[in-house]
Amino acid sequence: MDNYIVSARKYRPTTFHSVIGQKSLTTTLKNAIRNNKLAHAYLFCGPRGVGKTTCARIFAKTINCMHPNADGEACNTCESCMAFNENRSYNIYELDAASNNSVEDIRSLTDQVRIPPQIGHYKVYIIDEVHMLSTSAFNAFLKTLEEPPLHALFILATTEKHKIIPTILSRCQIYDFNRISINDIVDYLAYVADNEHVSYEKEALNIIAQKAEGGMRDALSIFDQIVSFSESHITYQSVIENLNVLDYEYYFRLTDVLLAGNVSQSLLILNEIIGKGFDGQHILSGLSNFFRDTLVCKDPQTIVLFEIGDAAKEKYLQLAQQCSNEFLYKAIELSNECDLNYRYSKNKRLLIELLLIRLCQLNHQSTPTDDKKKIKPLVEQEKDNSIASTQTQAPSIPPPPTGEKQNAPDVSPNRIMSKNSLRISLKKTASNQPNEKSQEADLPHEPKLEEAFTQEELEKAWKEYAKKEEDIHLKNTILNIRPQLLNENRVQVAVFNPEQQSKLREKEFLITDFLSHQLKNHLLQLEIIVLEEQKQYIPYGNRDIFNFMAEKNPSLIALAKEFNLKLN
């Protein structure tokens, strides 16, 4: 039985040219070798699986090559290159800082640094996961790292650069490795699949690349896993089943019913997704990304940000033409808001269902003249039933007296009603007489959109807000003021001076919001005025009170200066 080697090791790059997705860094390193401008210490940092340690090995191999090529690559034929390829080179040392992070380990390393190389020009020390070194080990390493022997060269690799002390960073040339793009990963996976005689679908490789999140090593590990699962035939369906990836076809179906405003169907699709074992957080993040990708497809300038296969891209382009910018902007905002609240919600499924209901309303919003957003019912009533209900339950309105000129109808914004906002009062149903005229019943009753409240309820809510106010002066002001209910929605508050008015207006939004929730009336309007008949000046605040007292007793100013007193 042959020894199996995983793809991440078997297809590990051995030259700068074969490194994927780091062209700028490999070009810099090759130019440094060609021009003989080598630093004594390098720091390679970046995410996992992007080629940090691989580039360090290639760099160490190339600088010791006896016959490098014109483009800065190793020849792979000299004794030094062959020793490296066969893992018997004594010029390259690799140290795992995660398990060798003590001062004694660093001292042992510095003792070896003084021994010159037997073959080649340099001894290269590659320290992986260098951020795991202790602070004492870092300090013990400083002097050697700053002034090593001419034949010694250090390459430090880390995924967390912020954990390395500044004195180490200042002694190294820093190279930041980027995440590998999805297209580059897909191309390399296709190359590996061809070499391994594995058939594949391009969309399947794209899902693997997305799951790897920019790491080639992760992508190759997932590739091996899928090959074992699908028996050398990688399909899109086998990938999403093995990796537990939510199929984007569900999002296409969900968006179609959202655009149509079909709440019931959207809840059924959600139930189908949850039934397959997907977590709600996974659904929300996927939905937000789906709306983002659709928005990216609407503009040719931003479509370059969209990394996905050609077949799926065509579907996204078609869907983007159906969605308005306003729908996508609001959908992304609502999805992100739901994602943030999901962690703290006690009824998590209900939170997602409410999101779908709100998304279904985006294309069916009320007109700007409506006082309140109306929610469409889940099940539309039949037209005949709604008419019959209106005729039997609407209150009767007496006709105007004969000969008297009928007043024009009230068309103020508060009386404008949309079709969906019609509400029928049941108060007079029992008192309706059989001889009432049908045309009187056809007149709709004015909808009562908010709950009414009394003066006593207003004053109680006003005092409740005063209890939660932290500013002691403002709290006393609120307790000394009696709000006045002018009409069903308008509340007037009269203060004694402009300073009090200014303070209250700073908290006007919070006060209005608190009163609206307490009184269950979101049309409440707060009006803050200054009493014109208030002739006597009443100081407000520490400085005003001091100035008012100092006018009557100037010795207070001298007292404050003598003891260097300051107002809080």
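User: How many aromatic pairs does the structure hold, and how is such a pair described?

Analyst: An aromatic ring pair is described by the distance of the centres and the angle of the planes. In this predicted model, there are 19 aromatic pairs. Phe290 and Phe291 make an edge-to-face pair, with 6.3 Å between centres and 65 degrees between planes.

User: Are Phe290 and Phe291 buried or exposed?

Analyst: A residue counts as buried when its relative accessible area is under 20%. Phe290 has a value of 2% and is therefore buried; Phe291, at 1%, is buried as well. Both belong to one aromatic cluster, together with Tyr236, Tyr248, Tyr251, Phe252, Tyr316 and Phe327.

User: Which ring has the charged end of Lys348 over it?

Analyst: That ring belongs to Tyr342, and the charged end lies 4.8 Å from the ring centre.

User: In what order do the strands of the open sheet run?

Analyst: The five strands follow the order S2-S3-S4-S1-S5, with parallel pairing. Because S2 (92-96) and S5 (173-176) each have a single partner strand, one side of each has no neighbour in the sheet. From one strand to the next, the twist averages 20 degrees. Within the sheet, S1 (residues 41-45) and S4 (residues 152-158) pair over five bridges, and Leu43 stands opposite Leu156 in S4.

User: Which strands does helix H5 lie across, and which does helix H6?

Analyst: Helix H5 (residues 103-113) lies across S2, S3 and S4, at about 165 degrees to S3. Helix H6 (residues 135-146) lies across S1, S3 and S4, at about 135 degrees to S4.

Note on methods. Residues are numbered from 1 along each chain as its sequence is written. This is a predicted model: local features need pLDDT of at least 70, side-chain atom pairs count only at pLDDT 80 or more; totals for chains, interfaces and linings use all residues. Side-chain values use heavy atoms; hydrogens and water are left out. Rings of Phe, Tyr and Trp (its six-membered ring) pair if their centres lie within 6.5 Å; planes under 30 degrees apart count as stacked, over 60 as edge-to-face and the rest as tilted. Buried means under 20% relative accessible area, exposed over 50%, partly exposed in between (1.4 Å probe, protein chains only). A charge sits over a ring if NZ of Lys or CZ of Arg is within 6 Å of the ring centre and within 35 degrees of the ring normal. Two strands pair if DSSP finds at least two bridges between them. Helices (H or I, at least four residues) and strands (E, at least two) are DSSP runs, numbered from the N terminus. Axes are lines fitted to C-alpha atoms, for helices over the stretch in contact, and angles run from 0 to 180 degrees between N-to-C directions. Contact means heavy atoms within 4.5 Å.
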